[in-house]
Amino acid sequence: MDIKDVARPLDGVGVSAFLRSLPAKPLLLGLGEARHFVGELGELRNEIFWHLVEHEGYRSVAIESDCLRGLVVDDYITTGVGTLDDVMERGFSHRFGTSPANRELVRCMRAYNEEHDEKLRFFGFDGPLEYWAESPRQALTALYALLDGPLPCTMETLDTLLGPDDRWTNEATVMDPSKSIGRSADAQRLRLLTDDLVALLGTQAPRLSAEDRERAALYGRTAVGLLRYHSWMADTSTARMTRLSALRDAMMAANLRAVAEQGPALVFAHNLHLQRNQSFMRLGDQLLEWWSAGAIAKAYLGDRYAFLLSALGAVGDDTPPPDTVEGILSTLPWDHSLIDARRLAEAVTKPAPRISHDFAYFPLDPAQLDTIDGVVFLKEAVRLEAVRLD
């Protein structure tokens, strides 16, 4: 089989044809990143999103950024509150606000909403964490403010139990569980009170507007997730890092399910978070295993979750050997290609694994081809805006 028989140029026609080939119209279309901060991939994401808006009825985009900070971006694009500079500084985590492609996306979404009654939406779907975590203060106090009495405690009690935020955000807890307050008496009482507040939200849903219900639910699951995460930060067993990795992706998946309730959305995040298979990472002599956000989303959404994995040919000076999947795809005549992953698996037999000299690039795993729907391939990635491990 000629490799060109399973590929096409990556353009609007190709994207729509890909969607038509799926068994169902996806509520979540995942576009994975093989490496963060690739300028060309961010620009392709924007082009795909605008095609989906104009031709496929999509109205939302969700990216791998803090879900609470994402509210700042969503408020700006839907109402115009704030300035673009401020939104890019405050509305993103992981330094994603420095990305020119993200800035252009926000600018264009705001311009679109100024001229249309049906608004575009922006979502961050990561938790307020990576391997360290934020204080649950913002989520807890915002949830509390949306509820009506009688409440299980006063705001003063919450403030006292939370204490200074730097008790929670101590990055030393990543390596030293004894630095975490996640299993302190205050934290355990906060978990009980949070459970009561979330239960109370369920009883008060009729008195809240649709917007307030959406936000209250976000605050509730974020507060619960953060307190769970901090509890496992304090754990000293060998299961600690596996559980932390799993909890992060579970929080992502819960946020993605909420995004799906708003209608079809394009989801942009690292391949490792959007893949359908189990994730693995070696940490010292431990092999960590957990289910990714994409795998969890697939379990709930079935065929309504689709996944496009991205792969790169030349990454700066790092060129793939010709017998790797990326090397074979580099022979395609287009700079940007969209490939049917399952047919690619049939066409490419026993390829060599790629070992990249760019530690921030995660090469395509040929064994995963039958678990994804398509491959977005960039023959060359030149504009590497920053270096960050996922």
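**Note on the sheet and cores of this model**

1. In this structure, which is a predicted model, strand β2 (residues 28-33) and strand β5 (residues 265-270) run parallel and are joined by 6 bridges. Within this pairing, glutamate 33 has histidine 270 of β5 as its bridge partner.

2. These two strands sit within an open sheet of 8 strands, whose order is β1-β9-β10-β8-β2-β5-β3-β4 and whose pairing is mixed. At the edges lie β1 (7-9) and β4 (121-126), each of which pairs on one side only, and the twist from one strand to the next averages 25 degrees.

3. Across β2, β3 (60-66), β4 and β5 lies helix α10 (residues 240-260), and this helix runs at about 160 degrees to β4.

4. Strand β6 (residues 278-283) and strand β7 (residues 286-291) run antiparallel and are joined by 6 bridges, with arginine 282 standing opposite leucine 287 in β7. The two strands form a hairpin with 2 residues between them, and glycine 284 in the turn has a positive phi of about 65 degrees.

5. The largest nonpolar core holds 83 residues, of which Leu344 and Val375 touch the most other members; strand β8 (residues 305-315) contributes the largest share of this core, 8 residues. Once its neighbours within four places in sequence are left aside, leucine 344 is in contact with Ile3, Val6, Val325, Leu329, Ile339, Leu369 and Val375.

6. There is also a second, separate core of 28 residues, and among its members are Cys67, Leu71, Leu158 and Trp168.

Conventions
Residues numbered from 1 in each chain as written. Predicted model: local features only at pLDDT ≥ 70, side-chain atom pairs only at ≥ 80, totals over all residues. Heavy atoms only, no water. Core = buried A, V, L, I, M, F, W, Y, C linked by side-chain atoms within 4.5 Å. Buried < 20%, exposed > 50% of the residue type's maximum accessible area, 1.4 Å probe, protein only. Helix = DSSP H or I, 4+ residues; strand = E, 2+ residues; numbered from the N terminus. Contact = heavy atoms within 4.5 Å. Pairing = 2+ DSSP bridges. Axes fitted to C-alpha atoms, helices over the stretch in contact; angles between N-to-C directions.
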